[in-house]
Amino acid sequence: RFGTGDVSDQSSILHMHDIMDDLEEFTEIPDSFCDLPHGHYPLTITYRKFLMMLDGTCQTSFFDAFYGEMKSSFERGHSRSRAVHTFIELKEVTYEKFATSYWPRFNADLTKKIAASTVFTEIISHIKGAYQASRPYTGKLDRQDYVMLADKRISSLNNEMRDRIYDIFLEYESMKCTAREFDLSDFVNSLHSSLVSEGYNGDMVDFVYIDEVQDLTMTQIALLKYVCMNIKEGFLFAGDTAQTIARGIDFRFEDIRSLFYTAFLAETEASNEGLKHGKRVHLSDMFQLSQNFRTHCGILRMAQSIMSLLYFFFPSSVDKLNPETGLVHGEAPVLLESDNDENAIMTIFGESKSKHGNLHGFGAEQVILVRDDATKKQITDLVGKQALVLTIVECKGLEFQ
């Protein structure tokens with residue numbers, strides 16, 4: 001609207017607020033695609049809000065099954081959306097909950113020599129997140145199909161390991177059922193089956209743009225086909241597979257291409273909607289942005305050396321992209337080596353604290369990056385307020401020296 005010179009409503013166009021990935025943020029947008037007021041378009045929402053809106057459009061909600069658990073919320077006078085929100089916070093199995101509440105309870109013979117994060121990724125991305133055009137609505141791959149993935153995709157998991165992971169998966173599903181909890185895949189698969197049995201009765205959307213697509217599973221992406229029939233030019237997916245930060249996601253752009261053929265093209269062509277003037281719709285090429293405007297060449301080369309190791313050892317687990325180039329030649333990275341089990345962090349921060357009482361050169365422009373919250377706590381205990389400590393997830397999109 002702004003681009004066409006219509007600035008009658010200028011103040012609202014230019015007033016943009018930061019949106020946190022929180023269901024609460026979108027309370028002004030109804031939880032439904034039925035007759036959504038025109039003023040809400042173009043609609044900018046998180047994927048979770050999209051799921052809630054799809055759920056509100058279906059006759060039967062995924063959360064109806066949990067009415068008993070939400071009853072106390074209703075009785076306290078909360079609205080349905082507030083009750084659902086509270087229920088999700090309490091009962092959703094995220095990776096953190098999986099690792100702390102479920103993992104220690106599995107049979108130790110099954111979990112030996114496998115990491116909790118590997119198992120969670122296999123369950124969410126492959127067993128429950130793989131889209132099968134022939135039978136996508138069972139919500140899971142059967143054991144045989146899952147174990148056969150070892151042959152189809154070069155993987156560090158052999159048949160025996162996959163067998164064990166499947167046993168853990170069955171145990172997990174049974175525990176989850178007893179605890180009356182759910183994970184995101186349960187929600188997504190339930191929406192697929194509702195939409196197949198009832199059809200989609202909400203607004204149709206002309207264009208769908210997804211950013212950070214690498215944080216979604218294939219079944220999550222497949223839900224978009226119900227709301228947008230513009231197969232020819234209606235979808236644009238952007239992201240960076242080297243930046244997958246959602247736990248449980250194993251993603252490649254190649255997988256989206258095959259998903260588009262099976263879930264979007266094949267199914268619409270079957271109903272004759274993809275065949276226009278006798279021409280088959282074809283997918284546009286993948287377009288790589290290889291020039292980096294944010295990072296200097298030294299860091300890009302270091303990142304590329306890590307990516308080339310990934311390509312070499314795990315050839316089918318990550319998209320092979322052209323090396324990125326930068327415009328700025330920066331300083332070379334400095335590697336701090338610790339020997340004799342010495343703790344480098346203690347050496348830097350411990351000594352400086354005792355000798356000088358203050359620290360030179362570690363200011364607001366610097367940050368210590370760590371893998372997870374547990375490490376963050378350890379490091380923060382060591383360095384106190386002398387330095388900013390962030391996890392990779394927290395620092396995504398921020399810039400430091």
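Does C228 count as buried or exposed, and what is its relative accessibility?

Analyst: C228 counts as buried, because its relative accessibility is 0%. Here buried means under 20% relative accessible area, exposed means over 50%, and partly exposed is in between (1.4 Å probe, protein chains only). Please keep in mind that this is a predicted model, in which local features need pLDDT of at least 70 and side-chain atom pairs count only at pLDDT 80 or more, while totals for chains, interfaces and linings use all residues. Residues are numbered from 1 along each chain as its sequence is written, and side-chain values use heavy atoms, with hydrogens and water left out.

Another cysteine, C297, is buried too, with a relative accessible area of 8%. The number of disulfides (pairs of cysteine sulfur atoms within 2.5 Å) comes to 0.

Now for the setting. The chain has 401 residues, and 39% of them count as buried. Its secondary structure comes to 16 helices and 6 strands; these are DSSP runs numbered from the N terminus, with helices being H or I of at least four residues and strands E of at least two. Among contacts (heavy atoms within 4.5 Å) with a separation of 6 or more, residues 24 or more positions apart account for 64%.

Let us turn to the salt bridges, where a side-chain nitrogen of Lys or Arg is within 4 Å of a carboxyl oxygen of Asp or Glu. The structure holds 14 of them. In one, D186 pairs with K128, and the closest N and O atoms are 2.7 Å apart. D186 lies in helix 10 (residues 184-198) and K128 in the loop between helix 7 (116-127) and helix 8 (143-152), so the pair ties together parts that are 58 residues apart in sequence. D186 is buried at 17% relative accessibility, and K128 is buried at 3%. Both belong to a network of salt bridges that also links E173, K176 and D183.

Helix 10 also holds N189, which counts as buried at 9% relative accessibility. Leaving aside residues up to four places away in sequence, N189 touches K128, G139 and T219.

E394 is partly exposed at 37% relative accessible area, and K376 is partly exposed at 22%. Helix 15 also contains the pair D381 and K377, 4 residues apart, which is about one turn of the helix. Their salt bridge has its closest N and O atoms 3.1 Å apart, and both residues are exposed.

Finally, the surface. The chain exposes about 24000 Å², of which carbon and sulfur atoms supply 54%; accessible areas come from the Shrake-Rupley method with a 1.4 Å probe, and for residues only the protein chains shown count as cover. A nonpolar surface patch is formed by M302, I306, L309, L310, F312, F313 and F314, with about 730 Å² of accessible area together. Patches take residues with over 30% relative accessible area and no salt bridge, joining like charges within 9 Å and nonpolar side chains (Val, Leu, Ile, Met, Phe, Trp, Tyr) within 5 Å. L310 sits in helix 13 (residues 297-313) and is partly exposed, at 31% relative accessible area.
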